[in-house]
Amino acid sequence: MKQDNARFLFHPMAHPQAMQKNKPDIIARGEGCWVWDIDGHKMIDGVAGLWSSNLGHSNQRVRDAIVAQLDELPFYNTFRGTTHPRAIELSARVVKTMAPDGVGAVMFGNSGSDAVEGALKIARQYWKVLGQPERTKFISLKQGYHGVHFGGMSVNGLANIRRAYEPLMPGCFHVDAPWLYHNAYTQDPEELGRICAGLLEREILFQGADTVAAFVAEPVQGSAGVIVPPANYWPLVREICERHKVLLIADEVVTGFGRSGAMFGTRLWGVTADIWCLAKGISSGYVPLGATALSQKVADAFLADTAGLGTVAHGYTYSGHPVAAAAALATLDELERLDVVGNVARVGAHFQARMAEFERKFSFVGDVRGVGLMTGIEMVSDKAARTPVPRGSDIPQRVAREAYQRGAMVRISGPNMILSPPLVITREEVDHLVDILEASFAAVDASL
């Protein structure tokens, strides 16, 4: 395959002209935590494909489950009146896995964006089923990312993703995220948690609690640069939502299935949501799959409906695709067999400790933040003022190219380098990744 042929593809989250000018890296092979490009250049995968390849790139048991399903039944739909064994098994398995969270049912889609879209629609429909049709509004966080469908984009809090497609869905409102490094309030984490939770409550009251369907947020804001909230924030949010009878939607597309060091990000703070958005790690990226998990409370409202308002007019041709479901079942088996969540907790602590040193070592690193095996490194032009490098700066990409050449695949998003290696990564592989990053940052620092 020639790189010139890549001109026929419009890439996600990229300007077509930029992709013509700077040819994409073509990744041709993967094994474990490693990938190779078409020139045979070997790299440790610091992004797990895209937060997704949690079991690495060559898990034999997931591969075998996929092949067996292709031989048995490559496709059948799960629309009204039909289903297949793998969808039945996976729905039961997800509910069992999330029993401590109070989950009672699950809906399948194809991706994280689908999972968010399903969550928003179910939230509005839930209130109609309960006879409160005016509860249609959504509140979410600035800097939040919730996919690229019109509903998810409307609750997105990232202006660069929203702007080209405005006007978006009405009835969506945003409040400040509990971002310690960039906020106008305080540098005390506990106080910031109280303030930002209070902003949510004030917005609920301003809109009228009886008009608000749900609050939507990521437990850890991933795409914005891995923003980890203060420890008191999510418990306060849960209490506020409960008091005002507002549904809590946890977007766990990134944090679900172990990435944060807990099976689900909400468990880091002992909080349960009403609806969860799941994808990526559910099938370890091997076959596309998304899921919207519903609490027993939400599921019961639909099951008790006798007026027909509970008919779920939502779904996709490939919802619960048998091959994707088989991959997910094998993934869940492997998460248990390999103690993947335990590995993230152990190796992740070492990873975070080593990455934290970058702020002290390099002149243009302003903040390093993360939890488990997800880390954001924010690059700045002024450390004292906490000014991110400007949008046109070549510094982030220079660091990324240095890393690539030294044997590490990383991801740049604005002024941030985002790291999310496979969850099966070893301590030795973490050290290898961090050593490459140290050399890459040092090389760029020396040239400034």
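Modeller: The side chain of glutamine 221 reaches the backbone oxygen of glutamine 143 at 3.5 Å. This is a polar contact, that is, a pair of N or O atoms within 3.5 Å, where within protein one must be able to donate a hydrogen and the other to accept it, and residues adjacent in sequence count only if both atoms are side-chain atoms. The model is predicted: local features need pLDDT of at least 70 and side-chain atom pairs 80 or more, while totals for chains, interfaces and linings use all residues. Residues are numbered from 1 along each chain as its sequence is written, and side-chain values use heavy atoms, leaving out hydrogens and water.

Glutamine 221 lies in the loop between β7 (212–217) and α9 (233–243); helices (H or I, at least four residues) and strands (E, at least two) are DSSP runs, numbered from the N terminus. Glutamine 221 counts as buried because its relative accessible area is 3%; buried means under 20%, exposed over 50%, and partly exposed in between, with a 1.4 Å probe and protein chains only. Leaving aside residues up to four places away in sequence, glutamine 221 touches Leu141, Lys142, Gln143, Gly144, Ala177, Val226 and Ile227, where contact means heavy atoms within 4.5 Å. Its C-alpha atom is separated by 24 Å from that of leucine 332, 111 residues apart along the chain.

Another loop, between β8 (247–251) and β9 (275–278), holds glutamate 252. Glutamate 252 is buried yet has no salt bridge, meaning a side-chain nitrogen of Lys or Arg within 4 Å of a carboxyl oxygen of Asp or Glu. Its nearest side chain of opposite charge, arginine 267, is 7.4 Å away; for charge, Lys and Arg count as positive, Asp and Glu as negative, and His and the chain ends are not counted. A polar contact of 2.6 Å joins its side chain to that of threonine 255. Among the residues that glutamate 252 touches are Pro219, Phe264 and Trp276.

Burial also describes the sides of a helix. In α3, Val62, Ile66 and Gln69 are buried. They sit on the same side of α3 because they cover an arc of only 65° around the axis, taken from the directions from the helix axis to the C-beta atoms. On the other side of α3, Asp71 and Glu72 are exposed. The buried residues of α3 pack against α4 (85–97) and α11 (322–337).
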